[in-house]
Amino acid sequence: MVDTDLEEIEDLPPSAKLVFKVLEYDGPLTQKQIVEESMLSARTVRYALERLEEIGTVDEDIYFADARQSLYRLTEPVAADGNGVDESPKKDACCAE
């Protein structure tokens, strides 16, 4: 989320916040997958995605498995404190030698 304040997300409707959380937890998804995960209507998900795109929180990409659909992803992962998350791979404690 480049230059996107946590306040902008807080000002969004509840449906947009839910779509944001679904994308945060489940990663890049199509609109249809977001509808299934969130249990919101397709129209509500479309509106939420539009609002998230307006503030620069969500990117829309081509879904190569089905070019008729788009793949939505967060522009940058967000931690609970509002800061970006470091996605560097970490070793499992159970597998460390």
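The points go from the chain as a whole to single residues.

1. Basis. This is a predicted model, in which local features need pLDDT of at least 70 and side-chain atom pairs count only at pLDDT 80 or more, while totals for chains, interfaces and linings use all residues. Residues are numbered from 1 along each chain as its sequence is written, and side-chain values use heavy atoms, with hydrogens and water left out.

2. Secondary structure. The protein chain has four helices and three strands, in the order α-α-β-α-α-β-β from the N terminus. Helices (H or I, at least four residues) and strands (E, at least two) are DSSP runs, numbered from the N terminus.

3. Of the 97 residues, 29% count as buried. Buried is under 20% relative accessible area, exposed is over 50%, and partly exposed is in between (1.4 Å probe, protein chains only). The chain exposes about 6,700 Å², of which carbon and sulfur atoms supply 49%. Accessible areas come from the Shrake-Rupley method with a 1.4 Å probe, and for residues only the protein chains shown count as cover. Among the contacts with a separation of 6 or more, 46% are between residues 24 or more positions apart. A contact means heavy atoms within 4.5 Å.

4. Negative patch. Glu 7, Glu 8, Glu 10 and Asp 11 form a patch of negative charge on the surface. Patch members have over 30% relative accessible area and no salt bridge; like charges are joined within 9 Å, and nonpolar side chains (Val, Leu, Ile, Met, Phe, Trp, Tyr) within 5 Å. Lys and Arg count as positive and Asp and Glu as negative, with His and the chain ends not counted. The place of a charge is NZ of Lys, CZ of Arg, CG of Asp or CD of Glu. Asp 11 sits in the loop between helix H1 (6-10) and helix H2 (14-26); its relative accessibility is 64%, so Asp 11 counts as exposed.

5. Lys 17. This residue belongs to helix H2 and is partly exposed, at 34% relative accessible area. Which residues does Lys 17 contact, leaving aside its neighbours within four places in sequence? They are Ile 9, Glu 10 and Leu 12.

6. The structure holds four salt bridges, a salt bridge being a side-chain nitrogen of Lys or Arg within 4 Å of a carboxyl oxygen of Asp or Glu. One of them joins the side chains of Lys 21 and Glu 24, at 2.8 Å from N to O. Lys 21 and Glu 24 are three residues apart in helix H2, so about one helical turn separates them. Lys 21 is partly exposed at 37% relative accessibility, and Glu 24 is partly exposed at 22%. Another salt bridge links Glu 54 to Arg 51, with the closest N and O atoms 3.8 Å apart. Glu 54 and Arg 51 are likewise three residues apart, in helix H4 (residues 42-54), and therefore about one helical turn from each other. Glu 54 is exposed, with a relative accessible area of 60%, whereas Arg 51 is partly exposed at 23%.

7. Asp 66 and Arg 68. A salt bridge connects Arg 68 and Asp 66, the closest N and O atoms being 2.9 Å apart. Asp 66 lies in the loop between strand S2 (58-62) and strand S3 (70-74). Its C-alpha atom is 9.8 Å from that of Thr 30, a residue 36 positions away along the chain.

8. Met 39. Phi of Met 39 is near 60°, a positive value in a residue other than glycine. Most residues other than glycine have a negative phi. Met 39 is in the loop between helix H3 (31-38) and H4 and is exposed, with 74% relative accessible area.

9. Glu 76. This residue is in the segment after S3 and is partly exposed at 33% relative accessibility. Glu 76 and Gly 56 are 20 residues apart in sequence, and their C-alpha atoms are 9.9 Å apart.
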